[in-house]
Amino acid sequence: MATAVAGRAPAPRRRPRARVRRREALAGYAFSLPFLLLFLVFTVGPVLSSFGMSFTDLRSADVSRPLSVNGVGLANYTKVLHDESFRQAVLNTAYFVLVGVPLTMGLALAVAVGLNSGITRFKALFRVGYYLPVVTSIVAVAVVWRFLLEPDSGLVNTVLGYVGVDGPSWLRDETWAMPSLIVMSAWRNMGTLVIIFLAGLQGVPREMHEAAAIDGAGAWGRFRHITVPVMRPALLFGAVITSIGYLQFFEEPFVMTRGGPLDKTLSVSLYAYNQFGFGNYSYAAAMAYVLFLAIVVLTLVQFRLLGSRD
Amino acid sequence: MTTQIRQTSTAAPAPDPSGRARGRRRSERAGIGDPHAQPWIYAVLGVGLIVLVGPFLWMLLGSFRPNRELKEVPPSWLPQHPTLSNYTKLFSQLDFPTFFVNSVVVAVAITVGNLVFCSMLGYALAKLDFPGKRTIFVLVLGTLMVPGVVTFVPLFVLVSNLGLANSFPGLIFPFLAGPFGVFLLRQFIQGLPDELIQAARVDGASEFRIFRSIMLPLCRPALATLGILTFLTSWNMFLWPLVVAQSQDHYTLPVALAIYSIGENKSDYGLLMAGSVVIVVPVLLVFLALQKHFVRGIAMTGIK
């Protein structure tokens, strides 16, 4: 094939350009069509109709008789803003994101720097081990962690007992339920960030570190002034995907706490899902859009703060 | 357990089989940190590794314990009375073979769909010129940010109206065309040389033939990455099947496990651990066999 290409490439292009263009455009549409059809029906359509739905009073019973659905303007949104449980869910989600994202990123960055510090042995083992939780089912993970966090027979409190700490009943404790979920999420999600950060660290020129070391810069100074600036794109990407994921957190409380105790782990997604379960479709849609807005805003803020400063 | 691993990772350096690689690494390392710091790094990373992998070992051990033993205070490290009863219960009393097959069917169908549809659109966006191309790309990328709960309700209404609730098409169709695959393949195909396509056109190849016989073979690495990532995501997919699969004959493994874990088997940890093992192990094997593709997939989409 290579020779054919080399031999043919200089051949003069005498075809009428317009015809070539038309053929290319037709091919373009033909290749796009199957994806776009599915995409319009199952993604774009639902995104738009969800928006429309949030301004109506649609309930599960109305699905079979769409004529009984009425527009209610912003009523769902005003209701959302005055909903005590939703407010609690927003606070919980904010807690989860504000503590969880920095924790996950910090741990992942530490591991990535450790893996990149010139160690040679077991590097592949470490990389696989740290990535393992990422590829496993969240349901399985949640079930196993619930078992680990059992107050009496759980492994966590047993190990804490060895060092004389009387562990709380984690998931049933109002104070400790959320931190438990945060630590579990950091455990589960840091692997992706480790790989992203490792890739980012490859871009840090060694000569710069060496020169700085000769000039007397300490390890922390070099990390702060050489590594971090070079890794800015990787850090930004990591922050954005982690925040988007954490803002939607759902499965962890769904399987482990059902939002309890006393709504202390109720997340926005879980609350919207519960409303869907009660048949309040339009109300759930309005909540989903509030969450969507929060995701867009947070992403833009991160691009502002962490994006290039040129 | 901690000390044991720490010892193996710091002391007892097994000889590196390739001297060349070692020499190269050593020179790379020169100038960064001092070698005395290394045992510390190994120790910290080793402890981290135990924390990361430990829950899986505990799950595996737990799946072989009788239920009486799982409630013991304090728990014993190794099963005192190892048993397979949790697994026999899964596969004889509960319908886990069906759930397993369902999971495979759903994950394979979604994976094949994404490979076909995303590579077609990815190729068109990367190499063909047509009006509206930019709009399509922005539209597809834009939905990457849309949270699942937004599409969830109307999607359920749509699938119910189409009569697809509690059916395999209902489980599969909404995920056949995902934005992530388009992004990944477009990025990859953009890196392939245009001359190949022009030469094939001069030779009179049809547009489909160019795609099928020239582009797809060159995309193999990207397709492998997309295939594996999609398979895993669909295998682990939870929320949608939970709502759409309303009867046992359509449950996937995560749905079944979630329902048992909040239902009457809530505290039957032996059963739940065994169920977790059944979900996790196939994925683990795929991951261990093909792990380089994961790293590449993340690097491909992440940094560019």
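**Conventions.** I number residues from 1 along each chain as its sequence is written, and chains are lettered from A and ligands numbered from 1 in the order in which they are written. Since I am working on a predicted model, local features need pLDDT of at least 70 and side-chain atom pairs count only at pLDDT 80 or more, while totals for chains, interfaces and linings use all residues.

**Chain B overall.** I looked up the secondary structure and found 17 helices and 0 strands in chain B; helices (H or I, at least four residues) and strands (E, at least two) are DSSP runs numbered from the N terminus. Of the 304 residues in chain B, 43% are buried, where buried means 20 or more other C-beta atoms within 10 Å of the residue's own, exposed 12 or fewer, and partly exposed in between, with C-beta atoms placed from the backbone. Among the contacts in chain B with a separation of 6 or more, 77% join residues 24 or more positions apart; a contact requires C-beta atoms, placed from the backbone, within 7 Å.

**The contact of chains A and B.** I found 89 residues from chain A and 92 residues from chain B in this contact. On the side of chain B that touches chain A, helix H3 (residues 38–63) of chain B gives the most, with 14 residues. That side has 66 nonpolar, 15 polar and 11 charged residues, counting Ala, Val, Leu, Ile, Met, Phe, Trp, Tyr, Cys and Pro as nonpolar, Asp, Glu, Lys and Arg as charged, and the others, Gly among them, as polar.

**H10 and H13 of chain B.** I noted that helix H10 (residues 179–190) and helix H13 (residues 220–236) of chain B pack at an angle of about 165°, with their axes 10 Å apart; axes are lines fitted to C-alpha atoms, for helices over the stretch in contact, and angles run from 0 to 180 degrees between N-to-C directions. H10(B) is therefore roughly antiparallel to H13(B), given that angles under 35 degrees count as roughly parallel, over 145 as roughly antiparallel, 65 to 115 as roughly perpendicular and the rest as oblique. From H10(B), Gly181(B), Leu184(B), Leu185(B) and Phe188(B) meet Ala222(B), Thr225(B), Leu226(B) and Thr230(B) of H13(B), and the residues of this contact divide into 5 nonpolar, 3 polar and no charged. I also checked burial in H13(B), where 12 of its 17 residues are buried, including Trp235(B) and Asn236(B).

**H6 and H10 of chain B.** Helix H6 (residues 96–127) of chain B packs against H10(B) at an angle of about 45°, with the axes 8 Å apart, so I recorded H6(B) and H10(B) as oblique to each other. By class, the contact of H6(B) with H10(B) has 8 nonpolar, 5 polar and 2 charged residues.

**Two loop residues of chain B.** I found Trp77(B) in the loop between helix H4 (67–70) and helix H5 (85–93), and it counts as exposed because it has 11 C-beta neighbours inside 10 Å. Thr252(B) lies in the loop between helix H14 (239–244) and helix H15 (253–262) and counts as buried because it has 32 C-beta neighbours inside 10 Å. Leaving aside neighbours within four places in sequence, Thr252(B) is in contact with residues including Phe99(B), Asn102(B) and Pro241(B).

Technical notes
Contact = placed C-beta atoms within 7 Å.
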